[in-house]
Amino acid sequence: MITPAELNALPAPQFWRRVSCTLYEQLVLLGVIALTFLVPNLGLGILFGVSLPSWLTFLYLYTVLGVYFVWYWTKSGQTLAMQTWRVRIIGPGGYNLTRRQAIWRYVFGSLWIVPCVLLQWLFELQRWQIIEMLFTVALFLWPITIYLNRVKPLLRQSLPDRFSGTRLVELPKNLVTLS
């Protein structure tokens with residue numbers, strides 16, 4: 001078992017490890033969305049001919065994904081993708097995140113949606129263009145914010161980490177335990 005002080009001393013993951021972890025996370029989230037969204041909504045549509053309005057669909061998905069991230073981050077500091085890529089999220093001093101910290105990290109981590117919505121509105125993007133833009137921003141542009149940290153460049157904190165007071169660390173190979 002690793003102590004909070006030892007966790008706090010670990011280096012931050014490099015850019016490409018973050019991108020790889022994010023890509024894998026998106027694959028895992030497809031399964032989460034399929035189970036929690038598609039199945040119930042297909043049932044509503046087939047059985048009752050009902051479909052949810054887009055704003056309610058967005059809120060539902062945002063909440064489902066929030067529960068997923070907050071639960072994993074407070075339980076072990078790692079989602080399934082983070083376990084695979086040996087990345088862990090920690091709070092100040094190397095401690096596990098509290099529920100409040102995890103919620104704020106999720107809120108700040110999802111702020112990348114705002115410029116995407118503005119770009120979609122500004123350029124009147126359609127269907128696959130929107131998905132491509134969301135994918136690109138989430139996968140590359142958000143992780144690249146680690147290079148904006150001029151105060152403590154070795155910590156390589158992304159904007160959501162700086163806003164929420166959390167940080168990502170790369171675990172050594174000998175400490176990997178999948179749960």
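The chain has a mean pLDDT of 87, and 96% of its residues reach 70 or more; pLDDT is the predictor's confidence in each residue, from 0 to 100. This is a predicted model, in which local features need pLDDT of at least 70 and side-chain atom pairs count only at pLDDT 80 or more, while totals for chains, interfaces and linings use all residues. Residues are numbered from 1 along each chain as its sequence is written, and side-chain values use heavy atoms, with hydrogens and water left out.

Confidence is highest in strand S1 (residues 87-90), at a mean of 97, and lowest in helix H7 (residues 127-141), at 73. Where pLDDT is low, the predicted coordinates should not be read in detail. The element names come from DSSP runs, numbered from the N terminus: helices are H or I runs of at least four residues, and strands are E runs of at least two.

**How the helices pack**

Two packed helices are described by the angle between their axes and the distance between the axes. Here the axes are lines fitted to C-alpha atoms, for helices over the stretch in contact, and angles run from 0 to 180 degrees between N-to-C directions.

Let's begin with helix H2 (residues 15-48), which packs on H3 at an angle of about 125°, with the two axes 11 Å apart. H2 and H3 are therefore oblique to each other. For that word, angles under 35 degrees count as roughly parallel, over 145 as roughly antiparallel, 65 to 115 as roughly perpendicular, and the rest as oblique. Contact means heavy atoms within 4.5 Å. By class, this contact has 12 nonpolar, two polar and one charged residues. In that count, Ala, Val, Leu, Ile, Met, Phe, Trp, Tyr, Cys and Pro are nonpolar, Asp, Glu, Lys and Arg are charged, and the others, Gly among them, are polar.

Helix H3 (residues 54-75) also packs with helix H5 (residues 99-109): their axes come within 9 Å and cross at roughly 135°. This pair is therefore oblique too, and the crossing of H3 and H5 is right-handed. H3 brings Tyr62, Leu65, Gly66, Phe69, Val70, Trp73 and Thr74 to the contact, and H5 brings Arg99, Ala102, Ile103, Arg105, Tyr106 and Val107. The classes in the contact of H3 with H5 are nine nonpolar, two polar and two charged residues.

Within H5, the buried residues are Ala102, Arg105, Tyr106, Phe108 and Gly109. What covers them includes H3, S1 and helix H8 (159-164). Buried means under 20% relative accessible area, exposed over 50%, and partly exposed in between (1.4 Å probe, protein chains only).

**A few residues to look up**

Here are some pairs to find in the viewer, with their C-alpha to C-alpha distances.

| Residue pair | Apart in sequence | Apart in space |
|---|---|---|
| Glycine 43 and tryptophan 85 | 42 residues | 35 Å |
| Isoleucine 89 and aspartate 161 | 72 residues | 9.0 Å |
| Leucine 155 and valine 169 | 14 residues | 8.6 Å |

Two of these residues belong to H2. Glycine 43 lies in helix H2 and is partly exposed, with a relative accessible area of 23%. Leucine 35 lies in helix H2 as well, and at 63% relative accessibility leucine 35 counts as exposed.

Isoleucine 89 sits in strand S1 and counts as buried, at 0% relative accessibility. Leaving aside residues up to four places away in sequence, isoleucine 89 touches Trp73, Gly77, Met82, Leu97, Arg105, Asp161, Thr166, Arg167 and Leu168.

Leucine 155 is found in the loop between H7 and H8. This leucine 155 is partly exposed, with a relative accessible area of 25%. Beyond residues up to four places away in sequence, leucine 155 touches Ala12, Arg18 and Arg167.

Finally, take a look at arginine 86, in the loop between helix H4 (80-84) and S1. Most residues other than glycine have a negative phi. For arginine 86, phi is near 55°, a positive value in a residue other than glycine. Arginine 86 counts as buried, at 15% relative accessibility.

Technical notes: A crossing is left-handed if the near helix is turned anticlockwise from the far one by less than a right angle, and right-handed if clockwise.
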